Amino acid sequence: AELMDRRKIVIIIVIVIALGTGILYFLLGGKTPSGLPLFTGSPFGTPPEETPVDGGITTGSGNDKLAPDGVTPVDESGKPINALYKISDGPIAGAVSFKRSGVDYIRYVDRATGHVIEIKPSTLERSQILNITRPQIYEAIWRADATGYIERTVASDSDEIINTSISLVSPVGTSTDNLYTARATLLRGDVGEIVVTPDGSLLYNLRDTGAVMTSTFAGEKPRTLFTLPFTSWRILPISNASAILATKPSSTALGYAYNLNLQNGGLTKILGPLSGLSVLPTLDGKKIAYGRVGNKDFLLSIVTTATRDVINVLPQTLPEKCVWSKKFSGTMYCGAPSNGLGTNVPDSWYQGIVSYSDKVLELNPETETAQILTDPKGSFGVDIDVINPMLSPNEDYLFFTNKNDLTLWVLRLVP
């Protein structure tokens, strides 16, 4: 009886507290008084949040999945699961692929900080090899051997382009870290277009004089090849002895392309006049992919320089979205817009008025074959506007930059 009386007392106390709290809650206009706990949810606790099984977006088949924030999914050993994956954390200024001890690596310059990052694409091992902060680099043009690059920035108080030759100096053998040092040399002159030839020399034009020049990588021993009144050129080296000199493309202007002899400065016309002309030569210069504005559409073709034979290329794309294979004759790897190029090409694309969502293709116009290697939008929900494509030395990887956000991506070409 005594036990029953105690239980009744406890129940009455609980009811009184509940009623008092309810009345107080009502008088306060629905607000919880400070000092009183507010209980919500289940009395058995809150269940853990559900985690998606795939850890990201899954479309297509197999391992076609990519995390929504662009983080590359990896397996238990840390290797990338997908053939396509992003390898830079943010925008890059320029990159180069090379081999060391038989292993593929890629180096890039971080656009915001100027730091140099080195990555092994097979395992995503990453190291920062240069941590000297040089912010707001809009372009880094690398030597083929990855030992240096031309850094291009814009002066803060004007539109002057500042060009600096950066040579990377390896850490000494007794060093406990892998940090390189940089030897920087400011390049003189009002430099417009500038490229690095296969042997590491510089080839550039001066905007104020129209001179086309060569020099060492550090800007020493400059030599004028010739001078022209027109200064807006694109320069594409094809060997240590020659390069393609082409007018910058515009649908409103006639364009020309010339072969430039780097020994004597001789010019030989290859193409033109063609509206909107842009060109992409093979590394031996025997073939040139070129785009131009036709009657209605932008057209892409390939000309064999010795015979002048021309082959048209489909699907339509821009030469700037392609890279020639050295391993497979007549083969190009290209980004091709899924919905076509549209109008006012290439001007609208260069000006940033339009952007594309590309598929990545392997094209061989000679055999009339086109193979889709990846569809980033269809498989991953990612829009990639391909620029600056390049192949690894053995062509196991295709690297390119996404023009939409300037991040660096890689497509594995071998199993």
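Thr331 sits in the loop that runs between strand 24 (322-324) and strand 25 (332-337); strands (E, at least two residues) and helices (H or I, at least four) are DSSP runs numbered from the N terminus. The model is predicted, so local features need pLDDT of at least 70 and side-chain atom pairs count only at pLDDT 80 or more, while totals for chains, interfaces and linings use all residues. Residues are numbered from 1 along each chain as its sequence is written, and side-chain values use heavy atoms, with hydrogens and water left out.

**Thr331**
- Thr331 is buried, at a relative accessible area of 4% (buried is under 20%, exposed over 50%, partly exposed in between, with a 1.4 Å probe and protein chains only).
- Its side chain makes a polar contact with that of Asn364 at 3.3 Å (a pair of N or O atoms within 3.5 Å; within protein, one must be able to donate a hydrogen and the other to accept it, and residues adjacent in sequence count only if both atoms are side-chain atoms).
- Beyond neighbours within four places in sequence, Thr331 is in contact with Val323, Trp324, Ser325, Glu362, Leu363 and Asn364 (heavy atoms within 4.5 Å).

**Disulfide**
- The structure holds one disulfide, defined as a pair of cysteine sulfur atoms within 2.5 Å.
- Cys322 and Cys334 form it, with sulfur atoms 2.1 Å apart.
- Cys322 is in strand 24 and Cys334 in strand 25, so the bond ties together parts twelve residues apart in sequence.
- The torsion about the S-S bond of Cys322 and Cys334 is about 115 degrees, so the disulfide is right-handed.
- Both cysteines are buried, Cys322 with a relative accessible area of 5% and Cys334 with 1%.

**Backbone geometry**
- Most residues other than glycine have a negative phi, and most peptide bonds are trans.
- The peptide bond from Gly272 to Pro273 is cis, with omega near 0 degrees, and Pro273 lies in strand 19 (residues 267-275).
- The bond from Leu314 to Pro315 is also cis, with omega near 0 degrees; Pro315 lies in the loop between strand 23 (310-313) and strand 24.
- Lys221 has a positive phi, near 55 degrees, in the loop between strand 14 (211-215) and strand 15 (223-227), and is exposed, with a relative accessible area of 72%.
- Leu406 has a positive phi of about 65 degrees; this residue is in the loop between strand 29 (397-402) and strand 30 and is partly exposed, at 22% relative accessible area.
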